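Dear colleague,

I am passing on the structure below, together with an account of what turned up when I went through it. Please read the notes with the coordinates open beside you.

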Amino acid sequence: MIGRLSAVAQSRFAGHRVGAIILRHLYVMRTSWPRMLEMAYWPTIQMLVWGFASQFFREHSTWVAQAAGVLIGAVLLWEVMFRANLGFALSFLEEMWARNLGQLYLTPLRPHEHVVALAIMSLIRTTLGLLPPSLIAIWLYAFNIYDLGLPLLAFFANLMVAGWCVGLFTAALVLRFGLGAESLAWVLIFGLAPISGIYYPIGILPEWVQSIAYSMPPAYVFEGMRAVMFDHTFRWDLFARAAALNAAYFSAVTAFFLYMVRVARVKGLFLNMGE
Amino acid sequence: MTDLPAIAVTDLVKDYGDVRAVDGVGFAVAPGEVVGLLGGNGAGKTTTISMLLGLLLPTSGTIRVLGHDMTNAERFAVLPRMNFASPYVNLPYRLTVFQNLKVYGLLYGIRGIDNRIAELARDLDLEPYLKTPARKLSSGQKTRVTLAKALLNQPEVLLLDEPTASLDPDTGDFVRAYLETYARDSGCAILLASHNMQEVERLCRRIMIMKRGRIHAEGTPADLARRFGRDSLEQVFLDIARAPEEAAS
């Protein structure tokens, strides 16, 4: 009877199940030009606005003049985190909009496999979304973010995971409270922007706000970016703190998501997905 | 075939706050048996099926499918061997029929998925629609795609929630005939929730009628008709549905 089922069908983690979810989203993406456009549209607009502002500031500010492109770099890196969050949350919301989540959770798909698939989809969406603006920055402003070299990978990785944390937290809330909570996918992450030190050093924040800022990974990433651009130094200490905080937050948020899956099973939320 | 029931449910209870949706339900379905689950709206059929699928946790009671407890992580051992179809549950509407079946085939870890899809498309007359997005399908076509999804993994346990609702008589008959053949040839245990009495009489050897979360009557269609002094299952159903609580049992 089950001759067609592979031996790993019952395993705790199976790549084919993760692959199935990724394939499901790639199928949707490739037939929907608005989804493709949306990925690159906002990062490009942001980069254009801040790029021209940066050109103006370069002539009027000694701080920005010390490291031309610091604002453009900040915009692009902030977009990594924003897109990582959105890429994660949107892939989850696609299942809600299609009222397909219940169907998925009665297959052998495990919740942690779903999380891995959403993270990979987020990586794909973020990469596709940020490639065009990063190339436009080279063309328009002669700012090549890839000149950051290996530190860029470190920043990218930390910001991706930070974005996943926000996206997974949003997904857990949407699972519990329904599509009424979907706007959190867009707005929640902006709460982190003022304390992430994207466009200014954390040092200018009031002291009590600094301690909040340093409890979040992005603050260390943007401080690290400025260290590379101003001092040409990669701060391993900042990288390590961001990575450690990311590990802690991602573990906590994953546990929260798994708890919400259980709550959904108790309350019958998989049967009645919607507003 | 083994002596172990494909589905074994004991003292199943589901409360939503103060409301008891399922109240001490117990039954077993043997491998190869097709059992009907009848009941009016709100009788507890969908809640019961959802608990059998592991999508809903019971307040108390036990559910074992193919010997595995569906209330904990053991269910992942049996989920590849069971499936579900309902016209009320959507498939991603932007994906084509083939893409939908491919994604679900991968989720079930089916080897040779393309061949299996071709086989089901031929059996369920879906070949012309494989490249059609799910949103463009008619009700009958969607029902057949949902059924194809449910049969992808050649399930040993199949749960069906009104599989022929909103179908024209011809398509309904086609689906019933297919299910009849599948159950006979595969030895699959099927639990069929339906409002269609003719469908239940045709497909099911045994019937359970639910009311207010409880099983109020159980037996073959002929047994039930005789017990209630009626000529048809529909009359039995109406007697139970309209009877005061104490008289129905």
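In this predicted model, helix 3 (residues 97-107) of chain B packs against helix 4 (residues 113-123) of chain B at an angle of about 130°, and the two axes lie 10 Å apart. Because angles over 145 degrees would count as roughly antiparallel, helix 3 of chain B is described as oblique to helix 4 of chain B. The crossing of helix 3 of chain B with helix 4 of chain B is right-handed. On the side of helix 3 of chain B the residues that meet the partner are B:Phe98, B:Leu101, B:Lys102, B:Gly105 and B:Leu106, and they face B:Ile113, B:Arg116 and B:Ile117 in helix 4 of chain B. By class, the residues of this contact are five nonpolar, one polar and two charged.

The loop between helix 3 and helix 4 of chain B holds B:Arg111.

Elsewhere in chain B, helix 1 (residues 45-53) is mostly covered, with nine of its nine residues buried. The buried residues of helix 1 of chain B include B:Lys45, the run of threonines B:Thr46, B:Thr47 and B:Thr48, and also B:Ile49, B:Ser50, B:Met51, B:Leu52 and B:Leu53. Just after helix 1 of chain B comes B:Gly54, which takes a positive phi of about 85°.

Taken as a whole, chain B has ten helices and ten strands, and 49% of its 249 residues count as buried. Its C-alpha atoms fill a box of roughly 55 × 40 × 35 Å along the principal axes. The radius of gyration of chain B is 18 Å, which agrees with the value near 18 Å that a compact globule of 249 residues would have. Among the contacts in chain B between residues at least 6 apart in sequence, 66% join residues at least 24 apart.

Turning to chain A, the secondary structure comes to eleven helices and zero strands, and buried residues make up 45% of its 275 residues. For contacts in chain A between residues at least 6 apart in sequence, 76% join residues at least 24 apart.

A helix pair in chain A can be set beside the one described above. Helix 4 (residues 70-97) of chain A and helix 10 (residues 217-231) of chain A pack at an angle of about 150°, with their axes 11 Å apart. Since angles over 145 degrees count as roughly antiparallel, helix 4 of chain A and helix 10 of chain A are therefore roughly antiparallel to each other. The crossing of helix 4 of chain A and helix 10 of chain A is right-handed. Helix 4 of chain A brings A:Val70, A:Gly73, A:Ala74, A:Leu77 and A:Met81 to this contact, where they meet A:Pro218, A:Val221, A:Phe222, A:Met225, A:Arg226 and A:Met229 in helix 10 of chain A. The residues of this contact comprise nine nonpolar, one polar and one charged.

In helix 5 of chain A sits A:Leu104, which is buried, with 21 other C-beta atoms within 10 Å. Leaving aside residues up to four places away in sequence, A:Leu104 touches A:Glu95 and A:Leu109. A:Leu104 and A:Phe270 are 166 residues apart in sequence, yet 9.8 Å apart in space from C-alpha to C-alpha.

Lastly, there is the contact between the two chains, to which chain A gives 35 residues and chain B gives 34 residues. On the side of chain A that touches chain B, helix 1 (15-30), helix 5 (101-104) and helix 11 (236-267) of chain A each supply at least two residues. Helix 1 of chain A gives the most to that side, with eight residues. By class, the residues on the side of chain A that touches chain B divide into 18 nonpolar, eleven polar and six charged.

With best regards

Notes:
Residues are numbered from 1 along each chain as its sequence is written. Chains are lettered from A and ligands numbered from 1 in the order in which they are written. This is a predicted model: local features need pLDDT of at least 70, side-chain atom pairs count only at pLDDT 80 or more; totals for chains, interfaces and linings use all residues. Two residues are in contact if their C-beta atoms, placed from the backbone, lie within 7 Å. Helices (H or I, at least four residues) and strands (E, at least two) are DSSP runs, numbered from the N terminus. Ala, Val, Leu, Ile, Met, Phe, Trp, Tyr, Cys and Pro count as nonpolar, Asp, Glu, Lys and Arg as charged, and the others, Gly among them, as polar. The radius of gyration is taken over C-alpha atoms; the globule rule is 2.2 Å times the number of residues to the power 0.38. A residue is buried if 20 or more other C-beta atoms lie within 10 Å of its own, exposed if 12 or fewer, and partly exposed in between; C-beta atoms are placed from the backbone. Axes are lines fitted to C-alpha atoms, for helices over the stretch in contact, and angles run from 0 to 180 degrees between N-to-C directions. Angles under 35 degrees count as roughly parallel, over 145 as roughly antiparallel, 65 to 115 as roughly perpendicular and the rest as oblique. A crossing is left-handed if the near helix is turned anticlockwise from the far one by less than a right angle, and right-handed if clockwise.
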